[in-house]
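Please read these notes with the structure open beside you. Each point takes up one topic.

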Amino acid sequence: MKLTQNKILAGSAIILSVFAVIAGSPFSSKKSYINPEQFADTLISKKQNLTVVDLRDKKDYNDYHIPSAINVNATRIDPSTFDQKNMIVLYSGRDNISKTIQYKFEKEGFKKAYFLNGGIDDWMNKIIFPVLLKNSSEAEKKNFENIERRSMYFGGQPEREDENSVKKIYRREGC
Amino acid sequence: MDTATKKISFLGTKQIGKGKSISAPQPYWNPYVAGVGLGLVLLAAFVIMGRGLGASGAFSTVVSTGVNAIAPSFGEKNEFFSTYSDQVSANPLKDWYVIEVIGILIGGFISGFLAHRFKKTVDKGPNISVRGRFTYAFIGGAIMGIGAKLARGCTSGQALTGGAQLNVGSWLFMIFIFIGGYAAAYFVRRQWI
Amino acid sequence: MSAPFFIHGFFGDGTSLLIAVIIGIFFGFFLERGGLGNATKLVGQFYFYDMTVFKMMFTAIITAMLGLFWLSYFGFLDLSLVYLIPTYILPQIVGGFIFGIGFVMGGLCPGTSCVALTTGRIDSFILILGMIFGVFVFGEAFPLIRNFYYSTPMGNATFPRLLNASYGTLVFVVVIIAIVGFVGVEKIEKKFANK
């Protein structure tokens, strides 16, 4: 009995995986987010028909917001007040809220609505205050000049890590 | 055997002799079937929460919460412990794993209870004392704690979760767990065989 | 693409904690059903008399892996929204090796130690104390090993991306490796039982 049970399990796994080979990729081509680097470059290129929405509270918005962003609180946002033809980038503190709102837009038929991956957190860490770690590779060091330039465009402070570096936030990853 | 009926019921009760019943521990499930069950639970976590399972994370939270509760100034100075008192947490679901571990405790108990496998005992090999087992358990646990933190996860969080996602780091972690285990097995064999 | 449900806002933080318990209960349940709440059974893996760890782990992995693939392919799950632990090659290799040593010493891992605890095993209690101590030591030593901890980052690295290979093909490869492993492991167990 046990042997047949195992053979059924093994057989099912093999069949499913053979079909997976045929299927190729499980991803659909449509992405629902934009990365901070990509977004920063899009802003610099002054792309037309781009709407940026800050989903946080007014206080957070006034403290700092991404240039050209409008403030519409997540609890009050209504997709029907936006133009579906525009590219819309939604962001929040991280991306838990913006993911939800982006999905709302997607359901209403918006094909160009994206959430900012990592939100203000990653925007700060990657665009405004990028850090070049001490043990970076040569290629990373060379590329950092571009990152520095982009950071200063937005009024940021890039940093190259050395003995006197400001203490960085330990980011807890994993489980 | 005598003439009394020997009946192995669902709850693992054997009737031997008239009126006498001993609750015998049930045999374990087919490991492949249990593995499929585990895999479905993992899949459910992915589908419902967008994250996999985890266990070592809960221990980290417990330690950090403990440190910050008992000696807050000490915790603040240390970058590792202070993150847990941060408003902006890199992982907003850190408490999720603590609650999940509570679930693991309950689930293990339910299964063990139903299968009559609950037993106040010490699992060890025949050639070592209980104290020896405790020593190994503590040291082994400490080593695992360090290894899990270095790798950002344990067998549940990295190996299972990352394994299913074809995550490079997770597979490397898992392979080296086996390498490390087999490498050390000879030296601690006295505890088990 | 409705899943992952939490990320799409189907429910809030409170419900997610309720879900945490439920998922945890099933997790612990299946671990115990397979026998992984017993240290002597777990270490059988490393002494070849009981290969349940390998069987359960890899069955779980290929089950979830196939599930992720197909649920994503049919548009039910947005796989790109599922959290992927970033890869740090060196710390994860070293961490794995260290973890393996501790694993065969302790006989239980963090998840299974909880199952062992609530089925009455006193050794798991000591092991859990050890793990808490280990995490604390790590936290203390963190400033010293910080650079190592963040070394060799590769970001979100999956094998399809790394090898520039078809995801589906890699799924197939993993399934075949697992099944070949299962067949081999059954033989090892039989061989040991006959000794």
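1. Terms first. Helices are DSSP runs of H or I with at least four residues, strands are DSSP runs of E with at least two, and both are numbered from the N terminus. On that basis, chain C comes to 9 helices and 2 strands. Their order from the N terminus is α-α-α-α-β-α-α-α-β-α-α.

2. What kind of model is this? It is a predicted one: local features need pLDDT of at least 70, side-chain atom pairs count only at pLDDT 80 or more, and totals for chains, interfaces and linings use all residues. Residues are numbered from 1 along each chain as its sequence is written, while chains are lettered from A and ligands numbered from 1 in the order in which they are written.

3. Confidence. The model scores ipTM 0.96 and pTM 0.79. Chain C has a mean pLDDT of 93, and 100% of its residues reach 70 or more. Within chain C, strand β2 (residues 153-155) has the lowest confidence, with a mean of 87. Helix α5 (residues 89-106) of chain C has the highest, at 97.

4. The build of chain C. Its C-alpha trace spans about 50 × 45 × 35 Å along its principal axes. A residue is buried if 20 or more other C-beta atoms lie within 10 Å of its own, exposed if 12 or fewer, and partly exposed in between, with C-beta atoms placed from the backbone. Of the 195 residues in chain C, 59% are buried. Two residues are in contact if their C-beta atoms, placed from the backbone, lie within 7 Å. Take the contacts in chain C between residues at least 6 apart in sequence: 66% of them join residues at least 24 apart.

5. Look at α5(C). This helix has 18 residues. From first C-alpha to last it reaches 25 Å, close to the 26 Å expected at 1.5 Å a residue. The expected span is 1.5 Å times one less than the number of residues. Is α5(C) mostly covered or mostly open? It is mostly covered, with 16 of its 18 residues buried. After α5(C) comes C:Gly107, with a positive phi near 85°.

6. Chain A is built on another pattern. It has 6 helices and 7 strands. Read along the sequence, they follow α-β-α-β-α-β-β-α-β-α-β-α-β. Buried residues make up 28% of its 175 residues. Among contacts in chain A with a separation of 6 or more, 62% come from residues 24 or more positions apart.

7. A bent helix in chain A. Helix α6 (residues 138-153) of chain A has 16 residues and reaches 24 Å from its first C-alpha to its last, close to the 22 Å expected. It bends by about 30° at A:Phe144. The bend is the angle between axes fitted to the seven residues ending there and the seven starting there. A:Gly155 follows α6(A), and its phi is positive, near 80°.

8. Backbone points to check. Most residues other than glycine have a negative phi, and most peptide bonds are trans. A:Asn49 has a positive phi near 55°. It lies in the loop between α2 (36-44) and β2 (50-54) of chain A. A:Asn49 is exposed, with 10 other C-beta atoms within 10 Å. B:Arg152 also has a positive phi, of about 65°, and lies in the loop between α6 and α7 of chain B. B:Arg152 is buried, with 26 C-beta neighbours inside 10 Å. The peptide bond from C:Ala3 to C:Pro4 is cis, with omega near 0°. C:Pro4 is found in the segment before α1 (13-33) of chain C.

9. Where B meets C. Here 109 residues of chain B are in contact with 106 residues of chain C. Elements giving two or more residues to the chain B side include α1 (31-49), α5 (94-114) and α6 (130-151) of chain B. That side divides into 67 nonpolar, 30 polar and 12 charged residues. Ala, Val, Leu, Ile, Met, Phe, Trp, Tyr, Cys and Pro count as nonpolar, Asp, Glu, Lys and Arg as charged, and the others, Gly among them, as polar.

10. Where C meets A. Here 26 residues of chain C are in contact with 23 residues of chain A. On the chain C side, α4 (52-73) and α9 (167-194) give two or more residues. The largest share, 7 residues, comes from α9(C). This side divides into 15 nonpolar, 10 polar and 1 charged.

How values were computed:
pLDDT = per-residue confidence, 0-100.
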